[in-house]
Each structure stands twice: as C-alpha cells, then as structure tokens.
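Dear colleague,

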Amino acid sequence: MRFRSLSGVLPDLLEEGLSLSKEIVAGEGVLPPRPDAGRFKEFSSLRLRDGGRDLEQVLKALRQVVLSTPSSASPRFFNQLFGGREPVATLAEILTTLTNTSMYTFKVAGPQILLEREVLERMTNKAGFSEGEGIFVPGGSMANMVAMVIARNEAVVGIRELGVGASSLVAYTSDHGHYSIRKNAGLVGIGRSNVKEVATDDCGRMDVADLRRLIDEDRAAGRLPFFINATAGTTVLGAFDPIPEISRVAADEGLWLHVDGALGGSVLLSDQYRELLAGCERADSMTWNAHKMMGVPLSCSVILLRKKGLLSKNLNESASYLFQADEDEFNPGTRSLQCGRRNDALKLWAAWLYHGDAGYGARIDRLFELASHAVSRINEDSDLLLTATPESVNVCFEVRGRSSAAICERLDSEARLKISHGVVFGRRIIRLVCINPDLEMSDIDRVFDEIKDVAKELPEGGNAVE
Ligand code: ABU
C-alpha cells in the first residue's frame, strides 16, 4: 500500500527536488565543511532501520546529505579530472532517470538506441575509425578493460572459449599510465606483473625507444607481447604519448594499439589541439570519457574500435529471454559489457546537439586557456615551481619548501579548495586540473592566493618521495 500511495506524489517530489537543486546551485560558491566520517553513526536520522520513515523525514535527510556534499561545479573544486556543470546534459540526465530504461534492446529503449548510435558514430568518425564501432561502458577503466579483453582474444586463438591457460601475454603502458591497465590485467587473466612500465620523458610522454627495448626483451624471453596502451592525457601531468611513433612499433610488432583517451580524447573536437591525438586513427581501440573535458555528468565513457564486429565477436551471448525482436544491430546488448546498462548516451547527445562540434571545440580551447593562465601565474612567482610544461589541462607545481600534501590537506580541512596532489618524477606535486570552462581567470588566481596563504602558515617541508 505504501508503494502504491507514493506514486501519486511524484510531481510534488519533483517540485521539492527542483527547489533543492536551486539551493545546491546557489550555494556552490563555497564548499561545505568537511564532514567527520567517524561521526556518521551519531546521525540517527540518516540510519537505516526496520521500519520506514515519513516523507517529510526522508526529504529532510536528503537535504542534509546533499547540501553537505561538495559540488564538483564549485569554482573551488579542482580535485579531479571532471568539474563544472553542463546544463543541457544535466537536464537530460534527470530525464534519463525518469524514463529509467536499459540500453540492451530497441524494444525496451526505442529511440534512445538510435541516439546512442548517432553519438557513437560521431565519436568513431572523430577518432578516424570510419568503419568502426563503439559502446558506452561504466567508466574509463571498463573501457580500457574491454580493449584489453578484445586484444587478448584476438592475440590467442580460442582463448575466449578455453581460458588464458599458460599463455604469457605481456602488455605495455607508460609509467604515467592509468592504474586500470594493471588492475585490468589482474582481472582478465593476464596478470598484473605482465604489464610492463615504459619509461617517460620530462613531460611524462612514453619513451618509444624504451618500449621497443622492453618488447625485444620479452620476445627474447619467450613471452608474448600483445597490447600497447598509449595514454592521451595522463592522469597527473595530462601528457600525450607520441601516438604516431607508438603506432609504428605496434605495426612492426603486430601488437594491438589502444589509446586511453579518457581525459584527452575530447581534444579531437578542437581545431587548435586535435594534433595532440595525431595518429589515433591507426589505433585499434580508444577510450574516451565525455564526463571529463566535455563536462557531461558522470559517468559517460565509451570504448571505440577501429574494426566493426569485434564487440559482438568478443562480448556476445545468446539470451532467448532478452533478444527477441529486431536486428542485433539495434540490440546493443549483444555487444555490451553489461546486461542491464544505464543510458549514458542521452545526456551527451543533448549537449552535443546544443553545442555542436564548434561549441565543444571552443570549450576545449577555453580549458587550455585557463591552464595557460595558471602556468603564467606559476612562472612569475619565485615561490612556485612548475613540475613540467603541461601539454593539456593539468598544471602541476610545488610551493618551494612546503609539503604539497600538507597544503592540500589544510585547504580541504578548512573547506577553502578541493585540490589534489600526486607523485611524478620522485616529487609530490599539487595538481591543478583546469576542466571547468565556466571559471574565470580570477578563480584560477584565487587558487594560488589560497595556496600561498596556507603555505605561509605551514612549517617547512619537502616533497621528495623515495
Ligand atoms: N580515472 C581518473 C582518475 C581520477 C582523477 O585523478 O581524477
């Protein structure tokens, strides 16, 4: 009864939701105080119990939680590789929840399948995979995993049916590549220790001579190289591996080339910066996260394949209870990682429909402008030390003589900035991610003002990491 009576109040709940949403947006200029994780159990109104609660209590609890959650659209949020808010995509995401479909069949999802195809076709074309295909997956790590699985299956005949057995497959990624490459190797039977880390140059780009050396070494030892991951936008420095040179190695050696463009895939939309991904059309697969530089709500990730048919060949299963109508072409469940699959396409399609390639290109260019302003601020301040000349939107630096970790921790605990630190070249650095195009240069200036303010109050500290 309780469930039935509730369905009639949805319009009222949506009104409440709208009012709360406006409150969230209005309050984004400041960050909420950092909650004390250890005190959660003290908030009895948030605890689950045998009986339910009335709607008033639930709305109050929701309000409490949401308003104390940091918003990644805040001008004080620089912590991750996403930030800001794309309004049209946000609306589409809310509507996605209301239609609450699953993207496995045309029968169930109808026009959403066609929109997904439209978006994927645009993305495969942008990547230069004119005869390719793609599918939405839950995040860049999963996109990288699909690529690794397909590469593995293509490398060893029968492996999908018989298992990995005693094959000694080896994958390569740079020492600045994303951790998902190693993690996925552990998940799909390759083995984490069979991911070789290739050295990088002083901008964080893969050293191709070292890649060749490692492959030769592995072949001489009787191992089976099969997969190279080239990163387009490394997690900390935002560096782009040299895809043209890496693709020559892949071609010479007969290896699968994957481009992890989770962060940097979107530069394909910019006339000014597309060159960073030159050669990606020669890759076999590419990860592209639209929830990063394209600003679409999390998550919005695709895996793109140069050759059509590989997704179905490597992921299809028959399910007579599910695939009952329409051609497989219109039933993406025959080529997806998941069975039930949320609709991540509508929000991207809606935002792209609004901005077009041109609007998105301007967005990407703006992010680079913000990053360039940050670099100027660092270069003109003798207290600050730039880690490397950034290739894209991540700007890494240190405050001389002060611990980067302590600075970030103090800024977070005082709810002044959300900004993270990382380790590159044996030093712990602050990573400023310029991913929100709505920011002004003054927002970037404030980052440095806050950082210097906090640094003054901290004792001397170093950033060398063993
Ligand atoms: N996959 C993205 C890594 C998280 C971050 O540094 O924002």
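This is a predicted model: local features need pLDDT of at least 70, side-chain atom pairs count only at pLDDT 80 or more; totals for chains, interfaces and linings use all residues.

Residues are numbered from 1 along each chain as its sequence is written, and side-chain values use heavy atoms, with hydrogens and water left out.

Around the ligand (a heavy atom within 4 Å) are Q80, L81, H178, T235, K292 and R431. Polar contacts (pairs of N or O atoms within 3.5 Å) include one between a ligand oxygen atom and a backbone N or O atom of L81, at 3.1 Å, and one between a ligand nitrogen atom and a side-chain N or O atom of H178, also at 3.1 Å. A side-chain N or O atom of R431 lies 3.0 Å from an oxygen atom of the ligand. The ligand taken alone exposes 250 Å² (Shrake-Rupley method, 1.4 Å probe), of which the protein buries 70%.

Helices (DSSP runs of H or I, at least four residues, numbered from the N terminus) α6, residues 111-126, and α13, residues 345-379, pack at about 55 degrees with their axes (lines fitted to C-alpha atoms over the stretch in contact, with angles from 0 to 180 degrees between N-to-C directions) 9 Å apart. That makes α6 oblique to α13 (angles under 35 degrees count as roughly parallel, over 145 as roughly antiparallel, 65 to 115 as roughly perpendicular and the rest as oblique).

In the backbone, the peptide bond from L298 to S299 is cis, with omega near -20 degrees, and A415, a residue other than glycine, has a positive phi near 55 degrees.

Best regards

Methods:
A polar contact is a pair of N or O atoms within 3.5 Å; within protein, one must be able to donate a hydrogen and the other to accept it, and residues adjacent in sequence count only if both atoms are side-chain atoms. Helices (H or I, at least four residues) and strands (E, at least two) are DSSP runs, numbered from the N terminus.
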